[in-house]
Amino acid sequence: MQSGTLAMKDVVGPFDLQATLESGQTFSWTRRDGRMYETDVPRNGTAWYRTVVGGRPVELRQTAENIEWRSPGDPTPAIRDRLGLDPTMAETIASLPDDGVIGAAKRAFPGLRVVDEPFFPTLVSFILSAQMRVERIHSLMKTLAERFGTAHSLDDDLVYAFPEPGELATVSESTLRDLGLGYRAPYVAETARMVAEGELTAKDIRGLPYEEAREVATGFVGVGEKVADCVLLFSLGYHDPVPLDTWIESAIAEYFPGANRGTYADTSRAIRERLGSHPGVAQTYVFHYLRNRDALDEG
């Protein structure tokens with residue numbers, strides 16, 4: 001097992017590993033201590049986080065001076081991509097407004113980045129997200145990985161990759177229901193089959209104009225416009241989507257009156273105009289801030 005560091009001085013702009021991985025963007029990482037999503041205000045932590053990158057287990061933690069890693073090979077290039085550590089992302093965040101709710105969110109979580117995670121796990125996680133808290137989504141994704149994914153050794157521990165589409169497509173709906181997926185089980189099973197058989201994949205979406213990409217993504221079973229927006233934002237590199245969940249709807253009511261236009265498409269266009277040139281990045285800050293605002297106020 002190799003180990004190394006990525007010096008924080010070599011990362012442009014602030015970065016916060018905990019805020020980034022525990023902000024509801026990705027459900028492909030676990031904590032060594034098993035306490036994912038348990039912190040009252042998730043920021044500035046030093047816990048070890050684990051995932052599988054390119055078929056190799058990876059473990060990361062952040063200290064004041066470094067991002068430390070452990071893996072069979074150097075994961076730094078992949079980690080830079082997945083965690084938004086490129087200078088362009090830092091410049092995008094710096095360009096967001098410094099006033100209003102976006103400014104408050106930037107001050108509360110200055111190191112938050114927007115992830116670029118693998119497509120299929122992201123797709124499944126947001127299919128599961130309907131009427132479900134982030135803690136429960138993470139638990140179900142962890143269960144699917146441990147039951148059906150490939151195990152990789154990290155010293156004396158095992159880190160599980162999320163199952164490939166073909167692996168998940170062979171699992172019966174009844175088994176998925178028994179694992180807690182409920183009514184979402186057939187959606188996950190059919191979407192896994194579609195991806196495995198090439199009926200609809202990331203290649204059919206990536207590079208399309210944003211609203212066209214969102215429409216194509218709704219072709220997956222169980223994927224509406226909000227879930228499609230999440231997948232585009234957190235795994236396909238689009239910065240236009242503003243997933244209209246309950247938190248963003250409350251932000252519209254409180255901070256952007258008049259942006260609610262009745263339909264998803266019209267409200268999406270209106271709120272994107274209000275959030276500026278990188279609305280999806282701004283949305284990620286607002287979402288994380290509003291979810292944690294009460295705890296921040298108590299602190």
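This is a predicted model: local features need pLDDT of at least 70, side-chain atom pairs count only at pLDDT 80 or more; totals for chains, interfaces and linings use all residues.

Biologist: How many helices and strands are there in the protein?
Modeller: There are 14 helices and seven strands, where helices (H or I, at least four residues) and strands (E, at least two) are DSSP runs, numbered from the N terminus. With a radius of gyration of 19 Å, close to the 19 Å that the globule rule gives for 299 residues, the protein is as compact as a globular protein of that length. That radius is taken over C-alpha atoms, and the rule is 2.2 Å times the number of residues to the power 0.38.

Biologist: OK. What box do the C-alpha atoms fill?
Modeller: Roughly 50 × 45 × 35 Å, taken along the principal axes.

Biologist: And how much of the protein is buried?
Modeller: Buried residues are 55% of the 299. Buried means under 20% relative accessible area, exposed over 50%, and partly exposed in between (1.4 Å probe, protein chains only).

Biologist: Which residues of helix 11 are buried?
Modeller: Val 227, Ala 228, Asp 229, Cys 230, Val 231, Leu 232, Leu 233, Phe 234 and Ser 235. That's nine of the 11 residues in helix 11 (residues 225–235), so the helix is largely enclosed by the rest of the structure.

Biologist: What do they pack against?
Modeller: Helix 5 (119–127), helix 10, helix 13 (264–275) and helix 14 (279–298). Contact here means heavy atoms within 4.5 Å.

Biologist: What follows helix 11?
Modeller: Gly 237 does, and its phi is positive, near 80 degrees.

Biologist: How far apart are Pro 209 and Thr 5?
Modeller: They're 204 residues apart in sequence and 38 Å apart in space, C-alpha to C-alpha.

Biologist: Last one: what does UniProt list for residues 128–291?
Modeller: An unreviewed entry there gives "domain: HhH-GPD". UniProt positions follow the numbering used here, feature names are shortened, and annotations may be inferred rather than shown by experiment. In the model, that stretch is 58% helix and 5% strand, and its end C-alpha atoms are 19 Å apart.

How values were computed:
Residues are numbered from 1 along each chain as its sequence is written. Side-chain values use heavy atoms; hydrogens and water are left out.
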